[in-house]
Amino acid sequence: MESPIFQEWVREERAEAEARGKVEAKQDAICKYLRRRFGDASAGLQQEVREMTSLEVLDGVMEELFAANTLEEAQAIIRDGIERFMQ
């Protein structure tokens with residue numbers, strides 16, 4: 001029989017793995033969008049997105065990013081998201 005401490009540890013590890021998976025999925029979606037919309041010129045922005053780890057910030061960036069008409073607008077949205085993450 002497994003101890004309650006071990007069971008709690010397993011639950012915490014699963015929750016952390018699930019959260020990491022959600023963050024990675026959002027990062028992937030944003031990077032795919034950037035690559036498709038702006039091509040190789042968005043490589044630097046994609047790297048910045050990969051460094052963002054807040055699911056809430058990534059959600060906000062993704063929602064606003066669809067309104068970006070230029071690479072510069074996308075850059076501003078992502079940099080604003082990074083600033084929010086750093087606060």
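Figure 1. The model is predicted, so local features need pLDDT of at least 70 and side-chain atom pairs count only at pLDDT 80 or more, while totals for chains, interfaces and linings use all residues. Residues are numbered from 1 along each chain as its sequence is written, and side-chain values use heavy atoms, with hydrogens and water left out.

**Figure 2. Packing of helix α3 against helix α4.** Two packed helices are described by the angle between their axes and the distance between the axes. The axes of α3 (residues 55-65) and α4 (residues 71-86) cross at roughly 160 degrees and come within 9 Å; axes are lines fitted to C-alpha atoms, for helices over the stretch in contact, and angles run from 0 to 180 degrees between N-to-C directions. The two helices α3 and α4 are therefore roughly antiparallel, a label for angles over 145 degrees, whereas angles under 35 count as roughly parallel, 65 to 115 as roughly perpendicular and the rest as oblique. From α3, the contact (heavy atoms within 4.5 Å) is made by Val 57, Val 61, Glu 64 and Leu 65, and from α4 by Ala 74, Ile 77, Ile 78, Gly 81, Arg 84 and Phe 85. The residues of this contact of α3 with α4 divide into seven nonpolar, one polar and two charged; Ala, Val, Leu, Ile, Met, Phe, Trp, Tyr, Cys and Pro count as nonpolar, Asp, Glu, Lys and Arg as charged, and the others, Gly among them, as polar.

**Figure 3. Packing of helix α2 against helix α4.** The axes of α2 and α4 are 10 Å apart, at an angle of about 20 degrees. That angle makes α2 roughly parallel to α4. Leu 45, Glu 48 and Val 49 of α2 meet Leu 71, Ala 74, Gln 75, Ile 78, Arg 79 and Ile 82 of α4. The contact of α2 with α4 comprises six nonpolar, one polar and two charged residues. Glu 48, found in α2, counts as buried at 17% relative accessibility. Apart from its neighbours within four places in sequence, Glu 48 is in contact with Ile 78, Arg 79 and Ile 82.

**Figure 4. Packing of helix α1 against helix α2.** An angle of about 170 degrees and a distance of 9 Å separate the axes of α1 and α2. This angle makes α1 roughly antiparallel to α2. In α1, Glu 24, Gln 27, Asp 28, Ile 30, Cys 31, Leu 34 and Arg 35 meet Leu 45, Gln 46, Val 49 and Arg 50 in α2. Five nonpolar, two polar and four charged residues make up the contact of α1 with α2.

**Figure 5. An aromatic pair between Tyr 33 and Phe 66.** Two aromatic pairs are found in a search of the whole structure; rings of Phe, Tyr and Trp (its six-membered ring) pair if their centres lie within 6.5 Å, and planes under 30 degrees apart count as stacked, over 60 as edge-to-face and the rest as tilted. Tyr 33 and Phe 66 form an edge-to-face pair, with 5.1 Å from centre to centre and 75 degrees between the planes. Tyr 33 lies in α1 (residues 4-38) and Phe 66 in the loop between α3 and α4, 33 residues apart, and the pair links these distant parts of the chain. Tyr 33 is buried, with a relative accessible area of 19%, whereas Phe 66 is exposed, at 52%.

Technical notes. Helix = DSSP H or I, 4+ residues; strand = E, 2+ residues; numbered from the N terminus. Buried < 20%, exposed > 50% of the residue type's maximum accessible area, 1.4 Å probe, protein only.
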